[in-house]
Structure formats: C-alpha cells, structure tokens
Amino acid sequence: MENKICSSCGSTNFQEATDYIPLKPSKGSFLSAQKVFSFCMDCGIVDAIRIENTEIFQNKE
C-alpha cells in the first residue's frame, strides 16, 4: 500500500478487504463488482472504498 496516514490515530498500518455482498447493476443481472475497503488496522477507520469492474455499470448503447 502507498504511504497513508490514518486521520484518526496517525497509524500507517493499512490493509484491504472485500465485502461478501457484491454490487450488481440490476436485479436480473449476473454480473457483479466487488467493493474493496482500505482501512486502518489499528483503529478500524475506513480510508477508502473502491469498486472493481466498473465497466458493468456503463450504458451499452
């Protein structure tokens, strides 16, 4: 990970993890995208949330 500093406790100990429920563009879609959380290992503050595979949400015209 890049050199992040926690805004809550000042730690530089960060980790990434995914949620067990993926995002889907609609109820009928089989496509999904993972949410990736970057968080401080010392105090638990979430620094960032990013979505992988964002192209499934783009309109297909």
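Is lysine 4 buried or exposed? In this predicted model, lysine 4 counts as buried, its relative accessibility being 14%, and the cut-off behind that assignment is a relative accessible area under 20%. Aspartate 47, for its part, is partly exposed, with a relative accessible area of 42%.

In general, the strands of a sheet pair through backbone hydrogen bonds, in either a parallel or an antiparallel manner. Strand 2, formed by residues 35–40, is joined to strand 3 by five bridges, and these two strands run antiparallel. Within this pairing, serine 38 has alanine 48 of strand 3 as its bridge partner.

The salt bridges of the model come to four in number. One of them joins arginine 50 to glutamate 16, with the closest N and O atoms 2.9 Å apart. This pair links distant parts of the chain, since arginine 50 is located in strand 3 and glutamate 16 in strand 1, at a separation of 34 residues. Both partners are partly exposed, arginine 50 with a relative accessible area of 40% and glutamate 16 with one of 34%. Arginine 50 and glutamate 16 also belong, together with Glu52, to a network of linked salt bridges.

A further salt bridge is found where the side chains of lysine 35 and aspartate 19 meet, again described by an N to O distance of 2.9 Å. Here lysine 35 of strand 2 is linked to aspartate 19 in the loop between strand 1 and strand 2, the two residues being 16 apart in the chain. The two partners fall into separate accessibility classes: lysine 35 is buried, with a relative accessible area of 15%, whereas aspartate 19 counts as partly exposed at 23%.

The loop between strand 1 and strand 2 also contains serine 32, which counts as partly exposed at 29% relative accessibility. When neighbours within four places in sequence are left aside, the residues in contact with serine 32 are Pro22, Leu23, Lys24, Asn53 and Ile56. For isoleucine 56, which lies 24 residues away from serine 32 along the chain, the separation between the C-alpha atoms is 7.4 Å.

Leu23, one of the contacts of serine 32, is also part of a nonpolar patch on the surface, which is formed together with Val46, Ile49, Ile51 and Phe57 and has about 390 Å² of accessible area in total.

How values were computed. Residues are numbered from 1 along each chain as its sequence is written. This is a predicted model: local features need pLDDT of at least 70, side-chain atom pairs count only at pLDDT 80 or more; totals for chains, interfaces and linings use all residues. Side-chain values use heavy atoms; hydrogens and water are left out. Patches are made of residues with over 30% relative accessible area and no salt bridge: like charges are joined within 9 Å, nonpolar side chains (Val, Leu, Ile, Met, Phe, Trp, Tyr) within 5 Å. Accessible areas come from the Shrake-Rupley method with a 1.4 Å probe; for residues, only the protein chains shown count as cover. Two strands pair if DSSP finds at least two bridges between them. Helices (H or I, at least four residues) and strands (E, at least two) are DSSP runs, numbered from the N terminus. Buried means under 20% relative accessible area, exposed over 50%, partly exposed in between (1.4 Å probe, protein chains only). Contact means heavy atoms within 4.5 Å.
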